[in-house]
Amino acid sequence: MCDKCRGNYYITTPIYYPSAKLHIGHAYCTVATDTMARFKRLQGYNVMFLTGTDEHGQKIEDKAKEAGITPQQFVDNIVTGEKGVLDLWKLMNISYDRFIRTTDDYHVAAIQKIFKKMYDNGDIYKGTYKGKYCKPCESFWTESQLVDGKCPDCGGEVQDAEEEAYFFRLSKYADRVQDLLENTDFLEPRSRVSEMVNNFIKPGLEDLCVSRTSFTWGVPVDFDPGHVVYVWIDALFNYMTALGFENDKYVDLEAFWPADVHFIGKEIVRFHSIIWPAMLMSLDLPLPKKVYGHGWLLLDGGKMSKSKGNVVDPYILAERFGVDALRFFLLRSFPFGSDGNFSNELLINTINVDLANDLGNLVSRTVAMAQKYFGEKLPTEQLADEEKDAELIDQVSGLRDQYEAEMEKFAFQNGLAVVFKVISRANKYIDENAPWVLAKTEEGKPRLARVLYNLLETIRVCGGLLQPFMPDTSAEIARRLGGARMDWGSLNTFGVLPADVATVSGSALFPRIDMEKELAALEELNKPAKPAIEIEPYAEEKVDFDTFCRSDFRAVKVKACQNVKKSDKLLQFTLDDGTGTDRQILSGIAKFYKPEELVGKTLVAITNLPPRKMMGRESNGMLLSAVHTEKGEEKLNLIMLDDAIPAGAKLC
């Protein structure tokens with residue numbers, strides 16, 4: 001098949017639960033998926049790359065309630081708000097083709113149809129669920145599946161759950177799913193297969209609870225009000241509804257389904273390798289070709305979930321090191337199928353060794369020498385030396401095939417390794433041929449021109465193969481080589497650059513980082529931020545309880561309020577204190593409130609203080625307020641009560 005007509009390729013990353021705190025771990029799987037999508041486009045495939053957000057479920061409903069907003073407002077803030085999911089994907093240069101939200105109308109309607117189809121074919125039935133439920137994982141568990149009484153996935157607490165529910169006949173498909181896992185390459189890496197079979201299928205695959213009645217934030221079961229569809233049915237079918245399955249929003253199902261690969265984190269392998277194929281079998285639909293369960297980024301030995309001493313904010317890391325360097329690090333440092341231990345030291349060292357010393361140094365030295373010795377273009381008179389050139393040329397000529405073989409296995413780390421082996425060989429080639437010596441004589445110039453040409457052509461091929469990982473860097477390398485070709489067909493041939501290639505200078509692609517200084521700077525950034533609000537120090541002097549109890553705190557209502565003449569600070573209050581006689585209190589809060597703002601408010605006053613003269617006027621008591629400093633500016637807020645509290649009510 002020609003490079004320009006490879007056909008269609010459908011790749012997905014999981015739709016993410018919209019977390020209010022995004023870290024570099026969230027970007028890991030999506031960067032890998034993006035890299036694979038770019039690789040397939042480079043090969044000539046028509047790629048559909050899907051990502052999105054999983055926005056239903058009890059935990060989102062609960063978090064929205066805690067925040068005092070609707071669930072839709074909660075997910076909107078995180079998905080489309082500042083530094084939300086869409087902002088993070090833009091930052092990380094994610095080239096998705098389609099973004100789905102499970103709150104999209106077309107998806108909701110499609111899920112209702114899908115649920116009804118499985119109900120009509122007898123694979124969904126009504127019953128009562130009684131067992132254990134993990135809210136963070138949205139997972140149901142039997143007692144035997146728990147580990148030390150806790151969720152086997154996240155290690156968190158589970159809760160007892162009992163409610164009317166619908167069930168999917170998952171047990172009906174146990175044998176077919178086991179055969180799929182054991183006798184095909186459906187699930188990779190293969191190490192995940194035994195875990196699924198031995199831990200979930202062989203002990204007895206139980207029917208799956210697929211509706212809830214204890215909360216409302218989900219896709220409603222339209223034929224049985226009060227039930228909402230289990231979030232994992234809602235989430236898994238996004239891979240098809242986003243193509244137009246059971247909706248007319250899109251028309252890409254025939255072109256792209258079945259998916260070529262679902263990239264997912266290992267914590268959701270069970271849903272994708274057991275529940276997902278069983279539901280597709282129920283509807284007699286084609287199964288995806290492959291599910292690939294990658295490892296986690298670990299921080300201090302545990303799954304990354306928040307900062308524990310290292311800076312893991314992708315915005316900080318991208319700002320300090322560059323997006324391409326960050327993308328490169330994620331896939332260069334850790335085998336994709338295994339867990340990887342993240343640290344700032346490893347990040348900086350990877351940038352210094354691979355990008356600054358090897359790649360950046362090769363590009364800078366070669367372009368600088370070409371311009372120093374020959375000006376704008378290389379001369380066409382060049383002298384090859386088969387003995388000295390053969391090894392480098394052979395390595396470059398065979399590089400694309402080696403790289404392709406590793407990428408097809410999703411071995412991103414190995415794909416980069418073969419590229420950087422050639423980059424290392426090119427740096428050695430410079431030392432072996434000593435261009436600075438050849439430049440000293442006219443007789444050496446033809447050989448010098450050939451040495452530099454070989455280096456520039458090596459840079460072209462390596463830069464082209466780095467496009468999926470570091471798209472901006474590769475584009476800059478092409479610019480420095482005079483707009484060099486980097487299409488897939490050209491990357492398997494040595495000698496594509498014209499002999500008189502023109503080079504363009506530029507700053508260092510990846511300046512070397514001072515490890516000690518950078519770690520200190522990151523540590524400073526990672527320190528807890530000073531509170532924006534400063535409060536007065538607590539009094540050290542103790543007040544005995546009897547003295548405190550003698551203070552008479554009362555609710556008072558503001559009948560009138562006015563500025564005191566010749567005073568910038570004082571307001572004069574006329575207050576209803578419940579006695580039938582107005583009370584006058586003066587308070588130095590004029591710079592914080594306008595008198596008209598306070599009329600009708602219910603405040604708190606200490607009423608048994610001795611009278612005090614202020615600006616010739618008598619003040620009988622003191623109004624209570626809270627004082628603090630915010631961003632260097634003093635702030636004051638009167639303590640206000642519900643207006644339903646009557647004047648004179650005693651506070652205790």
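Mentor: Happy to; we'll take the sheet, then some helix packing, then one arginine. Keep in mind that this is a predicted model.

Trainee: Okay, in what order do the strands of the open sheet come?
Mentor: The order is E5-E4-E6-E8, four strands with antiparallel pairing. E5 (139–141) and E8 are the edge strands, each pairing on one side only.

Trainee: How many bridges are there between E4 and E6?
Mentor: There are 10, linking E4 (residues 124–134) to E6 (residues 159–168) in the antiparallel sense. As an example to click on, Ile-124 faces Phe-168 of E6.

Trainee: And how many join E6 to E8?
Mentor: Two, again antiparallel, with E8 covering residues 208–209. Phe-168 sits opposite Leu-208, and Phe-167 has Cys-209 as its bridge partner.

Trainee: Nice. Which helix lies across E5, E6 and E8?
Mentor: That's H11, residues 269–282, and H11 runs at about 95° to E5.

Trainee: Switching to helix pairs: at what angle do H12 and H21 pack?
Mentor: About 150°, with the axes 12 Å apart; H12 is residues 314–321 and H21 is residues 515–526. Angles over 145 degrees count as roughly antiparallel, and therefore that label goes to H12 and H21. The crossing is right-handed.

Trainee: Which residues make that contact?
Mentor: On H12 they are Ile-316, Arg-320 and Phe-321, and on H21 they are Glu-518, Ala-521, Leu-522 and Leu-525.

Trainee: What about H13, how many of its residues are buried?
Mentor: 10 of the 10, so H13 is largely enclosed by the rest of the structure. The buried residues include Asp-324, Arg-327 and Arg-332, along with Phe-328 and Phe-329.

Trainee: Let me pick Arg-327 then. Why does it count as buried?
Mentor: Because its relative accessibility is 1%, and the cut-off for buried is under 20%.

Trainee: Which backbone oxygen lies 2.9 Å from a polar atom of the Arg-327 side chain?
Mentor: The one of Met-92. Leaving aside residues up to four places away in sequence, Arg-327 also touches others, among them Asn-93 and Ile-94. Its contacts also include Val-31, Asp-34, Thr-35 and Arg-38, as well as Pro-468, Phe-469 and Pro-471.

Trainee: Great, I'll look at those next. Thanks!

Conventions:
Residues numbered from 1 in each chain as written. Predicted model: local features only at pLDDT ≥ 70, side-chain atom pairs only at ≥ 80, totals over all residues. Heavy atoms only, no water. Pairing = 2+ DSSP bridges. Buried < 20%, exposed > 50% of the residue type's maximum accessible area, 1.4 Å probe, protein only. Polar contact = N/O pair within 3.5 Å; in protein donor to acceptor, adjacent residues only side chain to side chain. Contact = heavy atoms within 4.5 Å. Axes fitted to C-alpha atoms, helices over the stretch in contact; angles between N-to-C directions. Parallel < 35°, antiparallel > 145°, perpendicular 65-115°, else oblique. Left-handed = near helix turned anticlockwise from the far one by under 90°.
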